[in-house]
Amino acid sequence: MIAMGNLHRIGAAVVGGFVFVFGLTGLSWRPEMFSTEGPVVFGMTTNGFLAFVSMAIGFMLLFTAVFGGPVAGWVAIAAGAAFILSGVVNVFLLGTPLNVMAFTMPNVVFSWVVGAVLVALGMIGRKERPTNDGLYGSHLEHEDPAEQVHTNPVTATELAEAERARALHYATEEQIERLHDADRYRTAADRAHAWEESDHRHGSPSA
């Protein structure tokens, strides 16, 4: 089962695959390298230069999405920014001899849309918890949660009671202070450990 935390990598792989196929298909027409006009592939024009660039970017996105780990997010952001910048620059070069990538308006729109998608995917990737394996996530995601968290049941009970007391507005000052320590962590094991540590700092008797 594909891990949802790898959504950004899956999206980048799909975009990379499409861009690579676009470049490969365009290259099969054997267009001139820097011609301002060229064959139409998937509704967009291309030339030899654009075909090679597309294949390089597509391969890079595919490679980092499958094997790159956390760096995939940054690569998606960088590639997205490059697409957006390319669209901005080339919109001013349409119909001029400097249009060395044979851009037309559909190419410009595609660059903007794909660039925005890649930047969004990259930002999602930076917020997700990194995994160490491929697109299918870390093996830790498939373990029994009971095997991942070893928490003293007494500590867990104390923490749960304190959280309930805070929610119902009858928590003591000490409970609130200790909960502030625990709130700095996300996992149950880390929160329980922080609760135990705060028990020692406050000098309260441990149950």
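Predicted model: local features only at pLDDT ≥ 70, side-chain atom pairs only at ≥ 80, totals over all residues.
Which residues in α2 meet which residues in α3? Residues are numbered from 1 along each chain as its sequence is written, and side-chain values use heavy atoms, with hydrogens and water left out.

Select residues 48-67, helix α2, and then residues 71-91, helix α3; helices here are DSSP runs (H or I, at least four residues), numbered from the N terminus. The two pack with their axes 9 Å apart and at an angle of about 160°, the axes being lines fitted to C-alpha atoms over the stretch in contact, with angles from 0 to 180 degrees between N-to-C directions. That makes α2 roughly antiparallel to α3, a term for angles over 145 degrees.

Now show the side chains of I57, M60, L61, T64 and A65 in α2, which meet A72, V75, A76, A79 and F83 in α3; contact means heavy atoms within 4.5 Å. By class, this contact of α2 with α3 has nine nonpolar residues, one polar and no charged.

On α1, select L7, H8, G11, A12, V15, F18 and V19, and on α4 select F110, V114, V117, L118, L121, I124 and G125, the residues that make the contact. They divide into 11 nonpolar, three polar and no charged.

How values were computed. Parallel < 35°, antiparallel > 145°, perpendicular 65-115°, else oblique. Nonpolar A, V, L, I, M, F, W, Y, C, P; charged D, E, K, R; others polar.
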